[in-house]
Amino acid sequence: MGGVGDEEPASKRMKVSPGDLRGLSNGSSYTEPVAGSSRDLMARPLTSQGDEEVVGSKGFIKRVEFVRLIAKALYSLGYNKSGARLEEESGIPLHSPVVNLFMEQILNGNWDESVVTLQKIGLSDENMAKSASFLILEQKFLELLDEKKDMDALKTLRTEIAPLCINTSRVHELSSCIVSPSFVGSPGQSTVRAKSRPKLLEELQKLLPPTVMILERRLEHLVEQALVLQRDTCIFHNSLNEDMSLYTDHRCGRDQIPSRTVQVLQDHSDEVWFVQFSHNGKFLASSSSDKSAIIWEVDVNGWVSLKHRLVGHHKPVCSVSWSPDDRQLLTCGVEEVVRRWDVFTGECLHVYEKPGLGLLSCGWFPDGKWIFSGVTDKSICTWELEGKEVECWKGQRTSKISDLEITSDGKKILSTCSENAILLLDREAKVDILLEEDKPITSFSLSSDDKLLLVNLLNQEIHLWSIAGEVKLVAKYQGHKRTRFVIRSCFGGLEEAFIASGSEDSQVYVWHRCSGELIEVLPGHSGAVNSVSWNPKNPHMLASASDDRTIRIWGLNELKVKHKYAHSNGIHCCNGGS
């Protein structure tokens, strides 16, 4: 492949100038007798060592807290006898007698008595005590309304709730229930319905100090946190079916990363510049300097075969874009036209062009009814599917780099507006936001959740930007080679936990997104790797496109090769002439 100075298409041979708790309420409910009550099995007094006793090798797990959490878990799982036995044997009660009484009063609807008992718990925070009283009295008020005792409800509101002098907006909502009874339970007003008493108890658990009332399923939550942390710090975690066990620490190996060539697709006759999987993972599209694009089909076993060869462009094809439903494909020739194809028949459905100008890029609006493209006059234009131009943003909106993205809500379009900046065009707010780099930008890619942007730079760095809210740089990736050509990178793997990139040294590079650690370098190609794409539905499938005229499909080392070679027979050549 030639350098920048070669007489090659602009988008590929571009001369880039240098520069730079839950409260753990999960819907579970209390049943009488109160789970955790030890009034029938009175616990022995605590030992003199008390909270100073610790368990575990690190010495910071307090025995009392640990035992109480275990007891809480036993009750939550329905093992009431075991929970009571643990309280008795350890001498560590789950709750104090006054808290047990308080819980029982809540479940039985003894509202006045529960407010009195609340004061006996000994809360040091007066506002907390008021907030808890408000929740209890609100429940009393709503249940009285349900029982058609409107006068008693009004009395509760005036003499008990209002004098607390908190949450006045909520008090107004409750008073409207008196004025207009239809307000209770009316559509959109579920906030003024009486909740179940166990649900009220869960809300009180979240409000009161955990030393008083332990949150529901607290132990399970801690265990889940530990497992999630192990998973998130495992740089090779990339399997949907990975069974995480409590018996051992979680640790994946490199065998979770696609690192072995399982197929080599050799149907292009010149350099392959772009490759992209469909949203459903069932197809792969590639574009080439040979002026064609190819639609490949991925079978249930992950085997890739040629479906249609798309011909009709008069210049090299620089990029492709899948429709939201994967039934159509856009292809863009270098400073030429955009063509729309039927994925299943291979027929060219429409050609989009601007007289006297060339198109640089292509993309779909989320509803699949419009398409958009960057134009050589640095504008961005949109068309209806049948070719009617809808809107055109003039000015310095794009450059000759063919990357163009739109967020899934259709509100923001992203394009390179200068060699060092990416424009975030807010279509609704009519506001332009600039993401500026110190070095020239060669390509970029948007994450599937629209929160992250991957930017390839001239200085052989890839930058990860957060664009959700405040725009900020969050990570950098290094190691790949890029001196002359446009090299593309992508998000991929399980939950897009990895970054993959092509490289001019004929290799594919893979980093762990969060840690930035380079975890794989994949040799195999014999020319610069221009583009990579990770199958969005199969975290173990990666494709790379190269100047060596091939596309490599990468899979796991442990998989057995089912075919001896990848060259496809029965080529279907479609004429895209218009």
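Helices (H or I, at least four residues) and strands (E, at least two) are DSSP runs, numbered from the N terminus. The model on display is predicted: local features need pLDDT of at least 70, side-chain atom pairs count only at pLDDT 80 or more, and totals for chains, interfaces and linings use all residues. Residues are numbered from 1 along each chain as its sequence is written, and side-chain values use heavy atoms, with hydrogens and water left out.

**Stop 1: Gly91**

Select Gly91, in the loop that lies between helix 3 (80–90) and helix 4. Gly91 counts as buried because its relative accessibility is 2%; buried means under 20% relative accessible area, exposed over 50%, and partly exposed in between (1.4 Å probe, protein chains only).

**Stop 2**

Now display the second largest pocket, which holds about 620 Å³ of space. On a 1 Å grid over the protein atoms alone, a cavity is a set of points where a 1.4 Å probe fits but cannot get out, whereas a pocket is an open set with protein on both sides within 12 Å along at least five of seven lines; lining residues have an atom within 4 Å of a point. Grid points are joined across faces, edges and corners, and the volume is the space filled by probe spheres set on the points.

Select Glu65, Arg68, Pro210, Thr211 and Ile214, the closest to the pocket centre of the 24 lining residues. Strand 2 (61–62), helix 2 (63–76), helix 4 (97–108) and helix 10 (218–233) each supply at least two residues of the lining. Helix 2 gives the most, with five residues. The lining comprises 16 nonpolar, three polar and five charged residues; here Ala, Val, Leu, Ile, Met, Phe, Trp, Tyr, Cys and Pro count as nonpolar, Asp, Glu, Lys and Arg as charged, and the others, Gly among them, as polar.

**Stop 3: His237**

Proceed to the loop between helix 10 and strand 3, where His237 is placed. His237 counts as buried, because its relative accessibility is 10%. Show its side chain together with that of His250: the two make a polar contact at 3.0 Å. A polar contact is a pair of N or O atoms within 3.5 Å; within protein, one must be able to donate a hydrogen and the other to accept it, and residues adjacent in sequence count only if both atoms are side-chain atoms.

**Stop 4**

Select Glu271, in the loop between strand 3 (260–265) and strand 4 (272–277). With 9% relative accessibility, Glu271 counts as buried. Ala545 is 274 residues away in sequence, yet the C-alpha to C-alpha distance is 8.3 Å.

Then colour the open sheet of four strands, ordered 3-30-29-28 with antiparallel pairing. Its edge strands, strand 3 and strand 28 (529–534), each pair on one side only. Two strands pair if DSSP finds at least two bridges between them. Strand 28 and strand 29 (residues 542–546) are joined by five bridges; within strand 29, Ala545 stands opposite Ser531.

**Stop 5: strand 17**

Finish at strand 17 (residues 412–418), where five of seven residues are buried. Strand 16 (residues 404–406) pairs with it in the antiparallel sense over three bridges, and Leu404 has Ser415 as its bridge partner. These two strands form a hairpin with five residues between them, and Gly410 in the turn has a positive phi of about 75°. Strand 18 (residues 421–426) pairs with strand 17 over six antiparallel bridges, with Leu424 as the partner of Leu414.
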